[in-house]
Amino acid sequence: MLFSLKDLAAKMSPTIGTEGLHTVKTNTFTLHHFQSITGLSFILNTDNNVLGRNLFWYDFIFPDMYSNLQHVYNQIYVEYVVRNPLYRQQPGDVLNCPLFEKKLEEYLTSQPQFRQ
């Protein structure tokens with residue numbers, strides 16, 4: 001589904017070569033997407049009531065978690081997975097790095113929009 005949506009967004013984009021899929025909102029949830037320069041995708045599903053920076057696009061207001069996903073990639077994934085000499089992940093393997101999971105949970109619980 002994500003690849004089809006990304007393809008559709010790229011075809012509908014007014015400028016060629018731009019990444020067009022950041023947020024998809026449905027009746028029940030909002031999907032937030034960030035793709036790193038290496039092609040690794042980070043996806044976050046939230047309730048539609050989650051507060052974020054508002055983006056105005058065709059009369060809709062979407063909470064944007066793109067900057068949060070960028071932070072997860074740049075400051076958590078790169079620091080605690082990529083630069084970790086004790087952790088090796090093979091292509092296709094599930095990410096299983098306890099330090100990454102711990103730091104991700106700390107970050108998410110520090111953000112007011114993710115607190116329950």
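Does N84 count as buried or exposed, and why?

Reply: N84 counts as buried because its relative accessibility is 15%; buried denotes under 20% relative accessible area, exposed over 50%, and partly exposed the range in between, with a 1.4 Å probe and protein chains only. The model is predicted, so local features need pLDDT of at least 70 and side-chain atom pairs pLDDT 80 or more, whereas totals for chains, interfaces and linings use all residues. Residues are numbered from 1 along each chain as its sequence is written, and side-chain values use heavy atoms, without hydrogens or water.

N84 is located in the loop between α2 and α3 (helices are DSSP runs of H or I with at least four residues, strands runs of E with at least two, numbered from the N terminus). Its side chain comes to 2.9 Å from the backbone nitrogen of L86. Leaving out residues up to four places away in sequence, N84 touches E79 and C97, where contact means heavy atoms within 4.5 Å.

C97 is also in contact with V81, as are I76, Y87, Q89, L95 and F100, setting aside neighbours within four places in sequence. V81 and F100 are among the residues that touch the most other members of the largest nonpolar core, which has 16 residues (buried Ala, Val, Leu, Ile, Met, Phe, Trp, Tyr and Cys joined through side-chain atoms within 4.5 Å). Helix α2 (66-82) and helix α3 (98-110) each supply at least two residues of this core, as does strand β3 (41-46). The largest share, eight residues, is that of α2.

Definitions and conventions:
A polar contact is a pair of N or O atoms within 3.5 Å; within protein, one must be able to donate a hydrogen and the other to accept it, and residues adjacent in sequence count only if both atoms are side-chain atoms.
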